[in-house]
Each structure stands twice: as structure tokens, then as C-alpha cells.
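Subject: Structure handover

Hello,

Here is the structure I promised to pass on. My notes follow below it.

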Amino acid sequence: MTRQDFILRLRAGLAGIPEQARHDIVTDYEAHFTDGAAAGRSEADISAALGDPDRLARELRAETGLRRWEAERNPSGAAAAVFAVLGLGAIDVLVLLPILVAMVSTMCAVGIFIIGGFIFGAFMFAAGPFGHGPGGPGAALLFGLSIMAISVFNGAILTIVSIGLVNGLVWYGRLHYRLLKPAIDPQPMVIREIAP
């Protein structure tokens with residue numbers, strides 16, 4: 001493969017990551033070709049040593065997504081990390097995806113329950129002084145306030161669990177990829193001659 005073909009495929013595979021990161025990666029790989037040519041190696045040898053540009057782009061895109069999650073702990077960073085690991089193909093999607101869907105669905109249901117509890121508590125807090133419930137207006141105010149506090153506490157716990165889930169998925173993806181990489185890229189066997 002020629003230098004131009006390699007760089008074009010790498011650039012196309014890096015679509016979706018920030019332009020500056022893509023430029024830095026492409027510049028780095030162009031430098032590999034420049035250094036190799038200066039050492040007298042052909043473009044085909046250099047591109048063979050660097051590997052498949054499509055797979056390389058997937059790995060670099062995945063690493064960019066994982067670094068984004070480590071830098072920005074927010075929902076979009078979490079989504080980028082999850083899709084990066086799944087896009088890498090390092091995780092057996094048929095096994096992990098149902099578990100992930102079940103966990104995310106449960107967390108969404110719990111989140112809706114928490115929001116509903118907070119709204120109910122806010123209604124009780126606001127309407128309590130005007131109602132004639134047991135214990136009087138003070139009890140209604142305290143009841144509404146306690147429901148809101150419990151909802152905020154449960155929301156904080158849900159946030160911690162969500163972050164833990166994304167961190168666990170990222171950890172599992174990196175570990176799984178490191179274990180599979182030798183099987184994906186077997187090193188050529190070197191045969192040495194034994195001197196008589």
C-alpha cells in the first residue's frame with residue numbers, strides 16, 4: 001500500500017473525532033513514512049509495519065473516546081466512551097449488550113421514579129400549608145421536604161452507579177482488548193539457525 005492510500009484510509013477512518021486530534025494523528029503517521037523513507041524503506045514496507053489503517057483508525061477513535069470520558073465526566077463523554085468501546089469490537093456484543101440494555105433500562109426506570117418522587121415532594125411542600133391533612137400544615141411541609149431530600153439522595157446514588165458502570169465498561173473494554181490483541185495480531189515466528 002502506498003503512503004497516500006494509507007493516509008487517506010486512516011483519515012477516513014478517523015471521521016468523527018475532533019479535527020485537531022485527527023490532524024495530530026495523521027501528522028504522526030506521515031512522519032513514520034518520512035522517517036522510513038529516509039532509512040531506505042519502501043512505502044509498502046512501512047505501511048505493512050504500521051498495519052491495517054482501518055483497524056488502526058478504529059483503535060485510535062476508541063482511545064480518543066475513552067480519553068474524553070476520563071477528561072469530561074458528563075453524559076456525552078460517557079456515551080462517547082461506550083460507543084468507542086463497542087465500536088472497537090473488543091467486547092462480545094452478543095453477551096454484553098443484553099446486560100448493558102437491562103442495566104440502562106433499570107437505571108432509567110429508577111431515574112423516572114426519582115424525578116416523580118421529587119415532584120410529589122415539591123407538590124406536598126407547596127400545597128401543605130393550604131391542606132388540612134393529619135398533623136397540620138407543618139407535618140405536610142416536613143413530609144414534602146423529606147420526600148424531596150430522599151429523591152435528591154437517590155439521584156446522587158444513581159449518578160454514582162452510572163459513573164461506576166461507565167468506568168467498569170471502559171476498564172473491561174481495555175482489558176479485553178489487551179487480552180485479544182496478541183490473538184488478533186500474532187507476531188511472526190522468527191526461526192534462528194543454530195551454529196554447528
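Asp 54 is partly exposed, at 31% relative accessible area. Here buried means under 20% relative accessible area, exposed over 50%, and partly exposed in between (1.4 Å probe, protein chains only). Asp 54 forms a salt bridge with Arg 9, and their closest N and O atoms are 2.7 Å apart. Arg 9 sits in helix H1 and Asp 54 in helix H4, so this pair ties together parts 45 residues apart in sequence. A salt bridge means a side-chain nitrogen of Lys or Arg within 4 Å of a carboxyl oxygen of Asp or Glu.

A word on the source. This is a predicted model: local features need pLDDT of at least 70, side-chain atom pairs count only at pLDDT 80 or more, and totals for chains, interfaces and linings use all residues. Residues are numbered from 1 along each chain as its sequence is written, and side-chain values use heavy atoms, with hydrogens and water left out.

Back to the salt bridges. The structure holds 3 of them. Asp 52 also meets Arg 9, at 2.9 Å from N to O. Asp 52 lies in the loop between helix H3 (43-50) and helix H4 (53-71), so its pair with Arg 9 in helix H1 ties together parts 43 residues apart in sequence. Another salt bridge joins Glu 19 to Arg 22, at 3.3 Å between the closest N and O atoms. Arg 22 is buried, with a relative accessible area of 18%.

Next, the fold. The protein chain has 7 helices and 0 strands. These are DSSP runs (helices: H or I, at least four residues; strands: E, at least two), numbered from the N terminus. Of the 196 residues, 27% are buried.

Then the rings. There are 3 aromatic pairs. Rings of Phe, Tyr and Trp (its six-membered ring) pair if their centres lie within 6.5 Å; planes under 30 degrees apart count as stacked, over 60 as edge-to-face and the rest as tilted. Phe 6 and Tyr 29 form a tilted pair, 6.3 Å centre to centre with 40° between the planes. Phe 6 is in helix H1 (residues 3-13) and Tyr 29 in helix H2 (residues 19-38), so the pair ties together parts 23 residues apart in sequence. Both Phe 6 and Tyr 29 are buried. Ring pairs link Phe 6, Tyr 29 and Phe 33 into a cluster.

Best wishes
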